[in-house]
Amino acid sequence: MITVIQPGTFTTVQDLRRVGFQSAGVPECGAVDKFSMRCANLLVGNLEWEPVLEITLFGPQITFDNPAIVAVTGANLSPILDGESVENWTSFSVPAGGILSFGGPVTGARSYLSFAGGIRSSPVAEVMGSYSTYVPGGFGGFGGRPLKAGDELKIGEANLNEYKQREFPSHPQFSEDALLRVLLGPQDHLFTDDSIQLISSSDYQVSVDSDRMGIRLEGVPLTHLNSPDVVSDGTAFGTIQVPGSGLPIILSADRGTTGGYPKIATVISADHSKLGQLIPGNTVRFSVVSRKLALKALRQQERMLDSLRDLPTISSVVKVSGEIIDVVDETGQMVPLDGSGYRFNASVRHSEHVENVEIKIED
Amino acid sequence: MTMATESKDYFGSYPQITDIGDSALMVVLGEGVNPITNSLVHTMVREIQDSGWPGIREVVPVYSSFVVHYDPLKLSSIALTTFIENIHGSVDSKNSSGKRRIILPTFYGGDFGPDLDSVEELTGCSLEEIVKIHSETDYLVYALGFSPGFPYLGDLDSRLHCPRLDSPRVEVPAGSVAIAETQTGVYPVPSPGGWRLIGKTPVSLFNPLRDLPALLRPGDRLRFVPIESKEEYKEIENRCKTGEYVPEVINL
């Protein structure tokens, strides 16, 4: 059991995301910086989608009834255990009666606090298949709200005898100037050519009105070719929508499932972590990249997590049909081939004939 | 002529499939807001959901388009695009399976419809006429969005068109039935709103703790049926709370 002495600015329970309810108008929610969140779980030996605490800017003060193994990742909010600084991106043990607190933000916006064995059951509830808190809707996580002083959460029991400290030396660095890589679209054709130039050449400042729904930006307004309204359509994490004011809004975890403003570009998955760490006053620049580069960057980021995983070997099957090559791993899932740098053993089937080969895909 | 050729001719250069970043595709099936395109959206969305293709996270339909969220480490944009184009080529756009009509009992006027007086003034219709016109049509649920469970409904009869409130309410109670401009809607959860409130339903449109949290599904038809008295409203409300009352669902 842990008890919240002070809740901090905005501390909520979040897992990876809520899947399957956007068609009912329910936002996907989940950790804003999923990379840091998954890393926090892997550092304490959890499955990477276990619920954690998402801590925003000024962190909480928490007491532990029993010994625990925890990790703090993401923003550096100056974690302190019993009066002594502790390292970010490293797992550490907390003695019974230990007090974890945070001294204040140094870099980034959101820290992730994971507990070996996860956050366990009541009053933290799984709603629509996810532990993520959706504060505007008042559901998920701890009673659908941010933590308050006096809240008690049951966490997994730690086996200190088997505990091996883990660290993540290749962790990302967050700075006050973020370069976010984007793919243009889906509605870049609704903007003037000048606006397309502007989005990749001008600096934008993160507004104080930013939250888990989206990052509002201030700077040079972009110009729509026609009306700033489109027939409402779907949105994605990282989509940059531009309302009538011309000032871009980057949509985040709690974004509405539908939107009626043109979307000029979308931040690539590999940079969602940086997006989640922006604070008001930070500078944002955009750089337009290709889908190929976006996927390469995402694979590189995933490989960084591999150092924290015990990976099984993948035996793969390659189906050759016409010009399209589908590679399917043993679970039946497609391994995309329009990226680069993949190498694995595979069996190739030409109708009747099956041949084992090693496949290596490079740039 | 086969159905597939017909729908291809009809929908011209659609589908338009565009990347939304590296892990979602926007699939546009037509322009603007119309029931035929919307029906094709829901048919295709069901086919894709039922396909069980690995790597597809979820499919989100709106008016004339839908978004497919996928895991780019498991599924490529190119393979997914081909898959969607194939479904578009083979789908029977007149397939109406899974279509339902939901009956929503609604009390019009009184303190549940505080803007009914202004609607009478603005439209020149009497209370009885407003109730009759509003409750005599099926409204197509084009999509759910804006807030959890909120239905984007088909067109309101032009006789009831009237502007939004000059200043929006800070909180509209859950269950409120409202109209504004060419639209009508129901607020599933309390939220701010600038539409004119004409009535209220005791039925809960959204409950996060239900197996199916949203009462309505995209593609449904919604019919408002007037509740005659406050007593009847209270009775239905109480039976909703105990779970005894389930709104009528007619499979079409």
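Modeller: Buried area is the accessible area, taken with a 1.4 Å probe, that two parts lose on being put together, summed over both. The model is predicted, so local features need pLDDT of at least 70 and side-chain atom pairs count only at pLDDT 80 or more, whereas totals for chains, interfaces and linings use all residues. Residues are numbered from 1 along each chain as its sequence is written, chains are lettered from A in the order in which they are written, and side-chain values use heavy atoms, with hydrogens and water left out.

Biologist: What is the area buried between chain B and chain A?

Modeller: That area is about 3,400 Å², with carbon and sulfur atoms giving 65% of it. On the side of chain B, Asp22(B), Glu58(B) and Leu73(B) lose the most area to chain A, together 18% of what that side buries. In terms of contact (heavy atoms within 4.5 Å), 43 residues of chain B meet 44 residues of chain A.

Biologist: What makes Arg291(A) and Asp19(B) a salt bridge?

Modeller: The term requires a side-chain nitrogen of Lys or Arg within 4 Å of a carboxyl oxygen of Asp or Glu. For Arg291(A) and Asp19(B), the closest N and O atoms are 2.7 Å apart, and the pair is therefore called a salt bridge. The count between the two chains is one.

Biologist: Which element gives the most to the side of chain B that touches chain A?

Modeller: Strand S3(B) does, with five residues; strands here are DSSP runs of E, at least two residues long, and helices are runs of H or I, at least four.

Biologist: Why is helix H1 (residues 34-43) of chain A described as largely enclosed by the rest of the structure?

Modeller: Buried means under 20% relative accessible area. Ten of the ten residues of H1(A) are buried, so the helix is largely enclosed by the rest of the structure. Among them are Lys34(A), Arg38(A) and Leu43(A).

Biologist: How do you know where domain 1 and domain 2 of chain B lie?

Modeller: The bounds come from an automatic or database domain assignment, which gives 16-95 for domain 1 and 100-251 for domain 2. Their centres, taken over C-alpha atoms, are separated by 30 Å. Asn38(B), His42(B) and Tyr63(B) supply 59% of the area that domain 1 buries against domain 2, more than any other three residues.

Biologist: How many salt bridges does the rule find across that domain interface?

Modeller: Zero salt bridges are found between domain 1 and domain 2 of chain B.

Terms used
Buried means under 20% relative accessible area, exposed over 50%, partly exposed in between (1.4 Å probe, protein chains only).
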